[in-house]
Amino acid sequence: MAQRKVVELEEGWELMQKGVTKLKNILVGLPEPQFNSGDYMTLYTTIYNMCTQRSPHDYSEQLHDRYKTVFEDYIAETVLQSIQEKHDEYMLKELVQRWNNHKVMVRWLSRFFHYLDRFFITRRSLPSLKDVGFICFRDLVFEEIKVNAKDIVISFINREREGEHINRGLLKNVVDIFVELGLGGMDWYENDFEVALLDDTSAYYTRKVSKWIHDDACPEYMLKAEECLKREKDRVSHYLHSNSEQKLLERAQHELLTVPTNPLLEKEHSGCFALLRDDKVEDLSRMFRLFSKIPQGLDPVSRMFREHVTNEGIALVKQSEDAANTKTAEKKDVVGMPEHVLVKKLLELHDKYLEYVNNCFLSHSQFHKALKEAFEVFCNKSVGSSSSAEVLSTFCDNVLKKGGSEKLSDEGIEETLEKTVKLLSYVSDKDLFAEFCRKKLARRLLFGTSVSDDHERSILTKLKQQFGGQFTSKMEGMVTDLALAREQQVSFAEYLKENPKAHPGIDLNLTVLTTGFWPSYKSADLRLPTEMVKCVEAFKEYYATKTKHRRLSWIYSLGTCIINGKFKQKTIELVVSTYQASVLLLFNESDMLSYSEIREHLNLTDDDITRLLHSLACAKYKILNKVPSARTILPTDVFEFNAEFTDKMRRIKVPLPPVDEKKKVLEDVDKDRRFAIDASLVRIMKGRKVLGHQQLVLECVEQLNRMFKPDPKIIKKRIEDLITRDYLERDIENPNSYRYLA
């Protein structure tokens with residue numbers, strides 16, 4: 001086998017130089033045929049032979065050095081000078097052209113010298129041929145012109161920001177050079193271009209903002225800011241590296257939004273308050289979009305939203321208070337129309353700003369919290385002498401009772417109740433609302449004034465879902481009692497049919513209530529007329545056949561009677577209370593009775609007697625005549641049946657002046673709160689055994705906050721009471737701590 005001829009270094013390199021010269025000619029556009037496969041194989045084989053010869057003819061290292069020298073010579077002779085001769089856009093174009101040519105040159109030469117890459121470079125752990133070519137360009141060309149290139153690119157970006165059209169493709173190619181010369185890393189792009197770009201962006205928008213903040217109203221400023229941010233993002237997608245997007249937007253946002261936040265939002269005639277006042281929904285949505293992009297950007301917006309809603313709510317409460325104070329003295333203690341109007345306005349206010357939260361502020365939790373905090377401020381303010389809990393309960397009563405001022409469809413009632421329950425969630429004295437609500441529900445159920453049983457159950461369901469089963473358990477028991485009472489009435493009627501002798505001779509409807517569910521009522525020892533005594537005895541006999549384990553307690557103050565008044569002109573049916581009926585029936589036996597005789601017959605207090613006689617002798621319907629005929633009831637007065645009384649109606653309802661139950665409700669709630677605080681304190685101490693005073697108070701408040709806001713002073717009193725009752729004791733070593741006594 002013939003021995004392969006040794007290729008000497010200079011001999012082989014001469015052949016390679018021809019290939020390099022041909023490649024240079026092709027790159028500059030001189031007439032030169034393209035490389036064919038034969039040319040490629042000749043050059044590749046030459047390198048292969050020179051690298052695989054035995055030592056001392058292995059020229060791998062020399063070829064590697066000369067490969068690098070080819071680029072260095074070419075750059076020094078041609079590339080650098082041609083770039084430096086040009087300026088501005090032409091310099092960038094020349095740079096891009098030379099870089100593209102350089103990449104082609106690297107691609108071809110690295111193919112010719114590929115055998116070096118495979119063995120020599122791998123064994124020596126040297127940079128690849130491609131990297132060597134790129135490093136030559138970077139060190140010899142780019143290091144010289146990168147500052148100039150960076151400045152030109154940034155100047156073009158600023159010109160585009162001012163509205164000029166620029167060659168985006170050219171800028172993208174230049175930016176790509178910064179990236180590609182990092183050889184896989186981003187250091188060159190970030191250090192030599194991005195840092196300067198970000199600093200220039202800050203400076204550019206600082207100049208713009210200083211002018212816009214004085215010249216433009218807040219909506220116009222936000223439009224400009226939003227457009228700027230959109231264009232910066234668009235700029236990245238067209239010719240900057242994607243890594244720059246977040247940094248660039250953050251710089252722009254900082255200058256456009258973070259720095260001028262307060263002067264922008266607080267602009268007197270166009271800031272956040274003005275936009276809320278004028279219902280500028282679109283501008284508010286834009287404000288949310290913009291300020292949600294910056295850290296803590298929504299804090300001032302949500303704060304101003306909360307302040308605005310709070311001020312609007314307080315203004316409504318003040319209006320209602322002023323209206324309530326103008327009411328006549330007779331009606332001063334009655335919750336009336338101004339309060340109903342207030343609740344309706346508060347519901348409208350809540351609807352309006354909840355829509356803002358959901359639509360303008362995209363249901364962001366910060367704005368839900370702001371809305372809640374705002375409503376908690378004015379929903380806990382009293383209106384005149386009425387607490388917010390009382391006002392809300394009266395409004396619900398007005399919606400749910402027949403003849404109320406709120407004339408609504410079934411859907412309207414449901415919607416109003418849903419919104420009212422939501423409003424109640426902002427009220428701290430929920431237990432007070434529950435007690436007022438229970439009182440009013442009792443009257444609706446007992447006097448049959450409910451619009452619908454379905455609506456009664458509906459509001460109880462809503463309250464239960466919002467505040468838990470304990471909140472509505474008594475009221476649910478009341479509704480159940482009424483259903484059972486109807487069944488019992490049917491059973492009683494059947495009993496009277498089967499036992500005609502037991503029939504009292506009067507139509508009788510009775511409702512048996514469970515004491516624990518219903519509000520407590522004053523149970524006076526009324527001495528009933530004979531006719532009514534028969535009714536009571538008949539029902540007692542019936543009830544004894546049903547159960548032996550329950551004791552009946554009669555609440556006459558809740559009873560209603562229909563009696564016939566036989567007047568000279570005509571007989572009129574009188575709808576009266578059991579007490580009023582007991583007074584009127586006395587005049588079947590006597591034509592004239594004194595105040596003291598009536599009191600003795602009925603066995604009632606002076607207050608009750610005065611109230612009853614005033615309703616029958618001094619009010620709208622004068623069923624009785626009084627001597628003397630003054631409008632006040634005195635113990636010396638004498639009364640007689642007014643046979644001359646008449647009315648165009650065949651049936652009239654004789655009203656009884658209402659008793660103010662507010663004081664009793666407040667007393668009952670206060671009593672229940674003491675029990676709740678005691679139970680909470682014992683529950684906490686039973687689990688913790690030893691606890692400091694401050695921590696015990698905090699935990700107690702946290703437990704009870706759902707129903708009412710306990711006063712720390714009251715909690716302290718209850719702790720002292722529990723100590724005297726031997727539930728707790730003070731720690732001997734630390735008087736500010738308590739121990740649980742099992």
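**Pockets, cavities and a helix check**

Modeller: Domain 3 (299-325 + 336-473) and domain 5 (662-740) both contribute residues to the lining of the second largest pocket, so that pocket lies between them. Keep in mind that this is a predicted model.

Biologist: Which residues lie nearest the centre of the largest cavity?

Modeller: Leu342, Leu346, Cys379, Ser388 and Val391, out of 13 lining residues. Helix 15 (337-360) and helix 17 (388-400) are the elements that give two or more residues to that lining. Its classes run to 11 nonpolar, one polar and one charged.

Biologist: What lines the second largest cavity?

Modeller: Leu445, Asp453, Glu456, Arg457, Val479, Leu482 and Arg486. Here helix 20 (453-467) and helix 21 (469-498) are the elements with two or more residues in the lining. The class count is three nonpolar, no polar and four charged.

Biologist: Let's switch to helix 25 (residues 606-617). How do you know that its length agrees with what a helix of 12 residues should span?

Modeller: Put the two values side by side. At 1.5 Å a residue, the 12 residues should span 16 Å, and the end C-alpha atoms of helix 25 are 16 Å apart, so the two agree.

Biologist: Which residues of helix 25 are buried, and what covers them?

Modeller: The buried ones are Asp608, Ile609, Leu612, Leu613, Ser615, Leu616 and Ala617. Their cover includes helix 23 (578-586), helix 24 (595-602), strand 4 (624-627) and strand 5 (638-641).

Biologist: Now Gln253, in helix 10 (residues 244-258). Why does Gln253 count as buried?

Modeller: Its relative accessibility is 9%, and buried means under 20%. The value falls under the cut-off, so Gln253 counts as buried.

Biologist: What does Gln253 touch, leaving out residues up to four places away in sequence?

Modeller: Leu229, Thr258, Lys293 and Ile294.

Biologist: Where does Asn625 sit relative to Gln253?

Modeller: Their C-alpha atoms are separated by 85 Å, and the two residues are 372 residues apart along the chain.

Biologist: Last one, on the overall layout. How is the chain divided, and what separates the centres of domain 1 and domain 4?

Modeller: The domain assignment gives domain 1 (9-156), domain 2 (188-292), domain 3 (299-325 + 336-473), domain 4 (559-659) and domain 5 (662-740). Taken over C-alpha atoms, the centres of domain 1 and domain 4 are separated by 122 Å.

Note on methods:
Residues numbered from 1 in each chain as written. Predicted model: local features only at pLDDT ≥ 70, side-chain atom pairs only at ≥ 80, totals over all residues. Heavy atoms only, no water. Helix = DSSP H or I, 4+ residues; strand = E, 2+ residues; numbered from the N terminus. Expected span 1.5 Å × (residues − 1). Buried < 20%, exposed > 50% of the residue type's maximum accessible area, 1.4 Å probe, protein only. Contact = heavy atoms within 4.5 Å. 1 Å grid on protein atoms, 1.4 Å probe; cavity = no way out; pocket = protein on both sides within 12 Å on 5 of 7 lines; lining within 4 Å. Nonpolar A, V, L, I, M, F, W, Y, C, P; charged D, E, K, R; others polar. Domains from an automatic or database assignment.
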